[in-house]
Structure formats: C-alpha cells, structure tokens
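Please have the sequence and the model side by side while reading.

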Amino acid sequence: MVNRGIKRLYTFLIFLFLYAPIIVLIVFSFNNSRSRGVWSGFTIKWYIELFKNEEILMALYYTLIIAILSSVLSTIIGTFAAIGIYGMPGISKKIVLNLNYLPVLNPDIVTAVSLMTLFRFMNLEFGFITMLLSHITFSIPYVILSVLPKLRQMNKHLAEAAMDLGATPFYALRKVVIPEIMPGIVSGALIAFTLSIDDFVISFFNKGAGVTNLSITIFSMARRGINPVINALSTLMFIGLFILLLIINSKSSNNIGERGDII
Amino acid sequence: MKTKWIAYPYILWMIIFIIVPLALILVYSLTTGEGDIRNIQFTLDNFKKFLDPIYIDVLWRSISLALKSTAVTLVLGYPMAMIISKENVKKRNAMILLFVIPMWMNFLLRTYAWLTLLGKNGFINYILVKLGFEPLNLIYNDGAVLLGMVYNFLPFMVLPIYSVLIKIDKSLIEAAEDLGAGKMKVFTRIIFPLSIPGIITGITMVFMPAVSTFVISRLLGGGQYMLIGNLVEQQFLGTGDWHFGSAISIIMMVFILITMAITAKFDEDKEGGGGGLW
C-alpha cells in the first residue's frame with residue numbers, strides 16, 4: 001500500500017516536472033502585464049498581437065513550406081534509396097548504411113557547420129534554398145531507417161511472383177512493393193515533417209536574410225527578453241500539436257508506445 | 001529484382017551533402033589562409049590552439065555537465081520507466097503518450113518556458129517572496145543549464161528503457177520467483193541485466209545532444225556561458241575563424257564517435273535490442 005503511494009507520488013512529481021513549464025506558459029499567455037511572475041488580470045491581447053506580428057507570421061509561413069517540401073522530397077528520395085539499398089550486395093550495402101548513419105549520429109551542430117561550409121564553398125546564397133537542402137539532407141536518413149525494416153519484413157518472393165505473372169519491374173514496384181512498405185513510408189514522412197518543424201540548430205546556421213523559421217524567431221525573441229507573444233504562440237502550437245496527436249493516436253493507437261520513434 | 005540502381009540518386013546526394021561537407025570541414029581544420037585559395041597552407045595550429053587552458057576548460061565543462069545530466073536522467077528515468085512498464089497496456093500507452101507530448105512542443109519553447117519559471121522576476125521567485133523568503137538566483141548558472149538538459153532529454157532516457165522493459169519475458173521473472181528469489185534479487189539478477197541495452201541507448205541519446213548543445217547553455221546560462229557548442233557557434237557566426245571552428249567540430253565529432261564505439265562495445269545485443277529508437 002505504502003509502496004503504491006510512493007509510486008503514485010513519484011509519477012506525479014515527474015509529470016509535474018514535465019508539464020509545469022508548459023502550464024505556466026499557457027497561463028501567462030493570458031496575463032495582462034508583460035511581467036512573467038505577476039498575475040495582473042485576464043487578457044487575450046497577446047493572441048491578437050501575435051496575428052499582427054509580421055515577423056512571426058513570415059517565420060510560420062517558411063516553417064510550414066519548408067517542412068512540407070522537405071518531408072515530401074526526402075520521403076521520395078529516401079524510399080527509393082531504401083529499396084535500392086535493400087537490393088544491394090553485402091559490402092556496398094554496409095558502406096552506404098554506415099554513411100547514412102553519419103547525419104544521425106553526428107551532433108546537429110557539426111552537420112550544420114559542415115553544410116554551411118559546403119554552401120559557402122558552392123557560392124550559394126544563404127536563404128530558402130540552403131535551408132531546404134539542409135532539411136532534406138538531415139531527413140532522408142530517418143526515412144531510410146524507417147522504410148528498411150518494412151522491406152526486411154516483406155516476403156521477398158512477392159515482387160518476383162508479380163513479375164513472373166507478367167508485371168514490369170516498375171509495375172511490381174508500384175503495385176506490390178510500395179503498398180507493402182507503406183506504413184514505413186508514412187512514419188518516415190511524419191518523422192521528416194516533425195524534424196523539420198522542430199529544427200533549430202541546422203536552420204540557424206543555414207538561414208539567410210529574410211528567411212527564418214519559427215525556432216530561430218523564438219530564439220532571437222527569447223534572447224531579446226520577455227515577450228508574452230511567444231507565450232501565446234507556444235500555447236497555440238501546443239494545442240495544435242495536441243489535437244494532431246490525438247487524431248493520429250486514435251487512428252493507430254498502439255504504434256507510438258511500442259516503438260517510441262516519434263521524436 | 002535488380003533494384004540497386006534506384007539508390008544511385010541518393011548516393012550522389014550523400015556524396016554532395018554528407019561526405020563533401022565533412023571533407024571540407026576536415027580540410028578547413030588542417031589549413032589556414034584568409035579566404036584566398038592561394039594562401040591556403042597545411043597546419044596543425046588550429047588543433048594546437050584548442051589545447052589552450054581556456055578551451056580545455058570549456059571542453060571539460062561540457063563533458064562534465066553532459067555526464068551529470070546523463071546520470072540525473074538515468075536515476076530519475078529508470079524508476080519511471082519501471083513504473084510505467086508495470087501498468088496495463090492501456091494505461092501505459094497513455095502514460096508514454098504523456099511523455100511524448102512535450103517532446104512535440106518546440107524544443108526552444110520548452111527551454112524558454114524555464115526562463116519564465118526561474119527568472120529573476122519569475123514564478124518561483126514570486127512564490128518565494130510571497131512566502132517571505134529572499135528571492136534566489138536561479139538562472140544563468142550551471143544548475144540552470146543542467147536543469148534545462150535534464151528537462152529536455154529525460155524522455156530520451158525513459159523511452160528506450162521502457163521499450164526494453166516491456167519486452168522482458170515475464171516467465172523469466174516468474175521462474176526466478178518460483179526458485180525463491182526475492183524482489184531485490186529478481187531486479188538485480190534478471191530485470192536490470194536484461195534492460196542494459198535500453199540503458200545504453202538512453203545514455204547515448206542523452207549524452208550526445210547534451211555534450212553538443214549550444215541552445216540550452218545560451219538561453220539558461222546567459223550570453224557569457226560557454227560550452228563547446230557555443231564555441232563552435234562563436235567561430236562560425238561570431239568572430240569568424242572558420243578554420244578553428246572546423247577543428248573544434250572535428251574534435252567534437254571524433255569524441256562522439258569514440259563514445260559511440262565504447263557504448264556499442266557494452267551493447268552486445270545491438271541488432272535486436274537498443275530500444276529501437278533509431
């Protein structure tokens with residue numbers, strides 16, 4: 001009985017630790033004064049200000065565009081790459097897979113500065129293109145890593161059977177292989193999308209004049225000092241993600257807990 | 001089916017965007033020369049410069065903070081993972097979901113949220129003053145940075161340990177109990193050894209981002225607070241010695257790859273276990 005009580009208390013404290021900052025942010029997004037400590041009445045003025053704030057709206061726009069483009073492109077490249085890698089002979093497969101791990105294992109900041117060096121070397125102007133290219137680059141390995149296990153699970157002879165029955169390789173790929181590995185492709189795309197939305201470090205080094213994303217805006221605002229508009233923004237983002245997560249979770253209820261690969 | 005050719009576009013991509021950039025960093029770290037390609041000379045000075053006590057101090061502070069945050073997340077996270085793994089399926093999925101939700105929130109916002117709590121006029125000091133205490137200096141010090149790391153990386157420790165714990169064959173535990181093992185013995189002889197792959201994944205997943213962060217240290221440690229990540233940032237975006245910055249990046253990368261190799265050694269069951277977080 002006592003044991004159970006301790007466990008409950010422990011769980012409660014850990015979740016309090018996890019959620020206290022978020023709750024405080026949400027509560028203070030309705031606070032009438034700029035101060036972070038003192039409550040001085042209810043207001044929604046920060047939300048109104050948020051939607052008038054050019055800087056934040058532009059950043060939101062770029063964040064979403066880059067997340068959509070980079071997740072779509074990296075899913076396409078990554079899925080084909082995974083199918084190709086799967087069909088490779090042992091040694092080259094090993095080499096490619098190990099190189100594929102590099103961006104995953106490397107600290108973000110090393111990936112970021114190496115891409116920054118590359119773009120400067122190529123004389124590319126820093127901006128939308130450099131940010132998009134870097135996002136695709138760090139997303140593809142995750143797509144490959146989520147598609148490959150599905151290929152391994154697939155019955156090898158399915159595609160062969162389809163081709164024996166007269167399907168062209170491309171038709172077999174489209175009608176047999178792709179549907180079989182679809183769950184892996186979808187989770188790869190989701191990982192790529194969330195990585196892109198959440199990325200700060202790599203974007204920070206590869207941003208350009210006028211093109212930033214939300215993370216960078218939050219970083220610079222947080223350094224400038226207290227701005228309750230950030231609280232309003234984070235509240236909306238939190239609620240948005242919460243709803244999204246509830247929808248996803250109700251559709252595939254036990255995938256998340258088992259594999260914890262929602263980063 | 002001959003399909004390997006469809007990986008070629010990505011192999012080309014990989015060469016351009018993964019291999020060439022790292023090669024460039026390596027070249028930069030081994031050369032000097034002010035931009036002009038004709039002045040470039042091979043040198044080890046960038047690495048020698050790092051041996052200056054100022055920079056060694058920074059490296060040491062980064063490593064010790066990362067080790068501390070790894071230890072704290074392990075001590076806090078392991079019991080949590082155990083508690084969750086013992087619940088029934090429905091409840092534990094809900095609890096894991098609760099762990100994942102904050103991770104979905106922007107990493108900077110989560111860190112910023114602590115500014116709100118810890119700041120000079122922040123919530124905690126507000127309560128302290130109301131209760132008649134002196135306000136504390138909670139921010140812009142080692143403790144605040146450590147707290148930020150533990151907060152951000154705790155789920156990275158809990159999730160892999162949890163996913164290993166729920167896979168443990170229950171009949172092993174029952175067998176041990178039938179043979180007379182007490183609760184403590186079951187834990188030390190069965191559960192803990194079987195959960196080591198999860199612990200190792202957790203340690204790498206916490207230690208690596210902790211040792212290379214520059215955001216947490218900048219926001220919660222203040223503008224003057226230096227970790228190795230801040231040093232790299234300063235070289236590339238601040239004072240602008242890319243050659244020295246590249247050398248630090250190479251040192252960081254090698255350090256992390258060595259750490260990975262060491263932890264992989266401990267992890268015999270690499271393919272199957274590891275919590276599957278990667």
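What follows is a walk through the model.

This is a predicted model, in which local features need pLDDT of at least 70 and side-chain atom pairs count only at pLDDT 80 or more, while totals for chains, interfaces and linings use all residues. Residues are numbered from 1 along each chain as its sequence is written, and chains are lettered from A, and ligands numbered from 1, in the order in which they are written.

Where pLDDT is low, the predicted coordinates should not be read in detail.

Chain B is divided into domain 1 (1–43) and domain 2 (53–276), with bounds that come from an automatic or database domain assignment. The C-alpha centres of these two domains of chain B lie 32 Å apart, and six residues of domain 1 are in contact with six residues of domain 2. On the side of domain 1 of chain B that touches domain 2, the elements that give two or more residues are α1 (8–29) and β1 (31–32) of chain B, and α1(B) gives the most, with four residues. Helices (H or I, at least four residues) and strands (E, at least two) are DSSP runs, numbered from the N terminus.

Between the chains, the contact takes 77 residues from chain A and 75 residues from chain B. Helix α1 (residues 2–28) of chain A provides the largest share of the side of chain A that touches chain B, with 13 residues.

Definitions and conventions. Contact = placed C-beta atoms within 7 Å.
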